[in-house]
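Please read the following notes with the sequence and the model side by side.

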Amino acid sequence: MTDRLREALLFVAYIITDRKFNEEELYERGYWEDWNTYKGEWAKLMLFMEETEQRHRNLYERVGEQEMPVTLRTNSRKQEPQTIPNTNNWLFRLIRKELADYFPDIQTAEDARQELERRKPSAGAKPMNTRYPIVAYGIYRMLHEENAMSENPDTPNELCRLIYDYTRFVGCYPSYKGYDGSFNPKNIRADIGYIKKNVQKYGGEKIPKFPSVAFGRIHIVTDNIVHKDLF
């Protein structure tokens with residue numbers, strides 16, 4: 001960690017802990033809450049497909065039934081159910097092919113079970129903070145752009161640990177990533193990977209960022225001695 005990077009992180013920590021951002025504006029700029037919802041729904045869908053496929057296997061073993069139609073119903077129940085043929089399981093195979101890459105840490109039914117288990121409410125659990133994706137991806141980009149981190153591997157355990165410790169220090173590590181607060185580099189890598197995929201697909205407008213902050217002259221101060229101006 002160079003002096004320049006250390007000072008930048010200290011300055012961001014100061015802004016986060018000392019100044020207040022408009023949470024509504026952060027939500028408008030971000031999409032993390034939506035993605036967290038999609039991730040949970042994907043885990044439920046994975047379990048649904050596994051259970052449906054298992055029921056069909058049991059049916060096939062008993063009576064030799066090869067069809068596995070899927071029935072769609074609306075929540076309002078005002079429309080008639082629609083049944084879709086699922087010959088050779090084409091529908092579920094297509095769903096996995098098109099969507100699985102968006103959720104690299106949920107590739108199997110067991111992964112889905114563990115994800116839903118982690119989401120169970122816990123006493124005193126705090127809601128997710130919209131600052132987390134901004135800070136996590138910002139640290140990732142900063143270390144790579146300053147050549148302070150090798151690109152192979154792209155997101156090593158040391159970088160995951162820095163993001164974990166720093167976001168917990170400034171109070172924006174999301175509680176849904178394990179209510180016991182334990183460190184798991186797979187969670188950090190999944191977060192970074194998802195943001196990178198969106199940036200590559202949609203461009204710079206999908207880079208998580210803070211709104212502009214107006215401030216006066218900022219100094220680096222240690223033991224009440226002004227060493228130099230940061231800006």
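1. Which side-chain oxygen reaches to within 3.0 Å of the backbone nitrogen of K186 at the start of α8? The oxygen belongs to N184. A polar contact is a pair of N or O atoms within 3.5 Å; within protein, one must be able to donate a hydrogen and the other to accept it, and residues adjacent in sequence count only if both atoms are side-chain atoms.

2. This is a predicted model, in which local features need pLDDT of at least 70 and side-chain atom pairs count only at pLDDT 80 or more, whereas totals for chains, interfaces and linings use all residues. Residues are numbered from 1 along each chain as its sequence is written, and side-chain values use heavy atoms, with hydrogens and water left out.

3. The chain holds eight helices and four strands, in the order α-α-α-β-β-α-α-α-α-α-β-β from the N terminus. Helices (H or I, at least four residues) and strands (E, at least two) are DSSP runs, numbered from the N terminus.

4. Helix α8 covers residues 185-202 and has 18 residues. Its span from first C-alpha to last is 26 Å, close to the 26 Å expected at 1.5 Å a residue; the expected span is 1.5 Å times one less than the number of residues. Residues buried in α8 include I188, I192, I195 and V199. Buried means under 20% relative accessible area, exposed over 50%, and partly exposed in between (1.4 Å probe, protein chains only). G203 follows α8 and has a positive phi, near 100°.

5. Two residues in the loop between β2 and α4 deserve a look. N88 lies in this loop and has a positive phi of about 60° although it is not a glycine. N89 is also found there, and its phi is likewise positive, near 60°. Are these residues buried or exposed? N88 counts as exposed because its relative accessibility is 62%, while N89 is buried, with a relative accessible area of 17%.

6. The mean pLDDT (the predictor's confidence in each residue, from 0 to 100) of the chain is 77, and 72% of its residues reach 70 or more. Helix α7 (residues 157-169) has the highest mean, 91, and strand β4 (residues 225-229) the lowest, 51. Over residues 122-127, pLDDT stays under 50. Where pLDDT is low, the predicted coordinates should not be read in detail.

7. For the chain as a whole, buried residues make up 37% of the 231 residues.

Definitions and conventions. Contact = heavy atoms within 4.5 Å.
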